[in-house]
Each structure stands twice: as C-alpha cells, then as structure tokens.
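Subject: Structure handover

Hello,

Here is the structure I said I would pass on. Please look it over before reading my notes below.

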Amino acid sequence: MDARVGNVGESSIGELFGRATEQAKDFARSEIGLYKAIASYRVSKARNGAIALVAALFLVNAALITLLVCIAMALALHIGPLLAGLAVFVAVGILGFFLVRFGIGKMAALSGDAEERAALAAGEHLS
C-alpha cells in the first residue's frame, strides 16, 4: 500500500517555491532587458539633438566673440585700440564675475537647504 496521501503528480512546497523563484528571476531579467532597450532607444534618438546643441553652443560662442571684437573696434575710433580692448575686457570680466557668483550660489542648492539638513540630522539621531 502507498503511504502517501494526495495526488502522485503533486509538487512539494519547496519545488513550488523554487519554480516561483526562477520565474521571478526570469521576470526581473526581462524587465531589466526592457529598460535597457528603452534607454538605448532614447539615447539613439537624442544623440543627434545633443550634437546639434553642442554645435549651436560653439556657433553662439563665435558670434559673441565677433560681437565683442566689433564693440572694441567701434570704441577704438573714440578712445584708441588699447583702451577700447581694455574697456571691453573689463566689462565682460565684470559680467562674467557676477555670472560665476550667481551660478555658485545656485549650485549650493545641491547640498540642500537648512531645513533639509535639519531634517537629515534629526533622522540620524533617531537611528
């Protein structure tokens, strides 16, 4: 007589968990593959846009240099070439200085504001 109770084709709980684990791993691998494919597709579509933006940046830079040279040449007629060059240099230098200060001030937001730092410190005390 057979001492086992139940269906002969029935799987044990361990086997069921093993199959469920394998299926979960396969699902996770499929999801990762899908996200990789989506990222690769998006990067390939955005690549030409990024190249166009870099080219535009260089062109705008060249245009600004041309404008500054023209300003210096126009001033040279009134105050001389050396003084005109220095005047444009000082004006652009001051503008650059304030832009750098503004940029550094805005980049400080990456380290978080005082309220965020206080909340993080309070969270560390709870741990």
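The notes below go from the whole chain to single residues.

Please keep in mind that this is a predicted model.

Overall form

The protein chain has three helices and zero strands, and from the N terminus the order of elements is α-α-α. Its radius of gyration is 33 Å, whereas a compact globule of 127 residues would have one near 14 Å. Along the principal axes, the C-alpha atoms fill a box of roughly 115 × 45 × 15 Å. Buried residues account for 3% of the 127 residues. The chain exposes about 11200 Å², with carbon and sulfur atoms supplying 72% of that area.

Helix α1

Helix α1 covers residues 13–79. How many salt bridges does a search of the whole structure find? The search gives two, and both pairs have their residues in helix α1.

As background to both pairs, side chains of opposite charge can pair when their charged atoms come close. An α-helix has 3.6 residues a turn, so residues three or four places apart point the same way.

Further along α1 is Gly49. Gly49 is partly exposed, with a relative accessibility of 36%.

Which residues form a nonpolar patch on the surface? They are Phe89, Val90, Ile94, Phe97 and Phe98, and together they have about 540 Å² of accessible area. Ile94 belongs to helix α2, which covers residues 81–107. At 45% relative accessibility, Ile94 is partly exposed. Phe97 is partly exposed as well, at 46%.

Two members of the patch, Phe97 and Phe98, also turn up in the search for aromatic pairs, which finds one in the whole structure. The ring centres of Phe97 and Phe98 are 5.4 Å apart and the ring planes stand at 70°, so the pair is edge-to-face. The angle decides this because planes over 60 degrees apart fall in that class.

Helix α3

Helix α3 takes in residues 114–126, 13 residues in total. From its first C-alpha to its last it reaches 19 Å, close to the 18 Å expected at 1.5 Å a residue. Is α3 mostly covered or in the open? Zero of its 13 residues are buried, so the helix lies largely in the open.

Regards

Notes:
Residues numbered from 1 in each chain as written. Predicted model: local features only at pLDDT ≥ 70, side-chain atom pairs only at ≥ 80, totals over all residues. Heavy atoms only, no water. Helix = DSSP H or I, 4+ residues; strand = E, 2+ residues; numbered from the N terminus. Buried < 20%, exposed > 50% of the residue type's maximum accessible area, 1.4 Å probe, protein only. Phe/Tyr/Trp six-rings, centres within 6.5 Å; stacked < 30°, edge-to-face > 60°. Patch = residues over 30% accessible without salt bridge, like charges linked within 9 Å, V, L, I, M, F, W, Y side chains within 5 Å. Areas by Shrake-Rupley, 256 points an atom, 1.4 Å probe, with all protein chains shown as cover. Salt bridge = Lys/Arg side-chain N within 4 Å of Asp/Glu carboxyl O. Expected span 1.5 Å × (residues − 1). Rg over C-alpha atoms; globule rule 2.2 N^0.38 Å.
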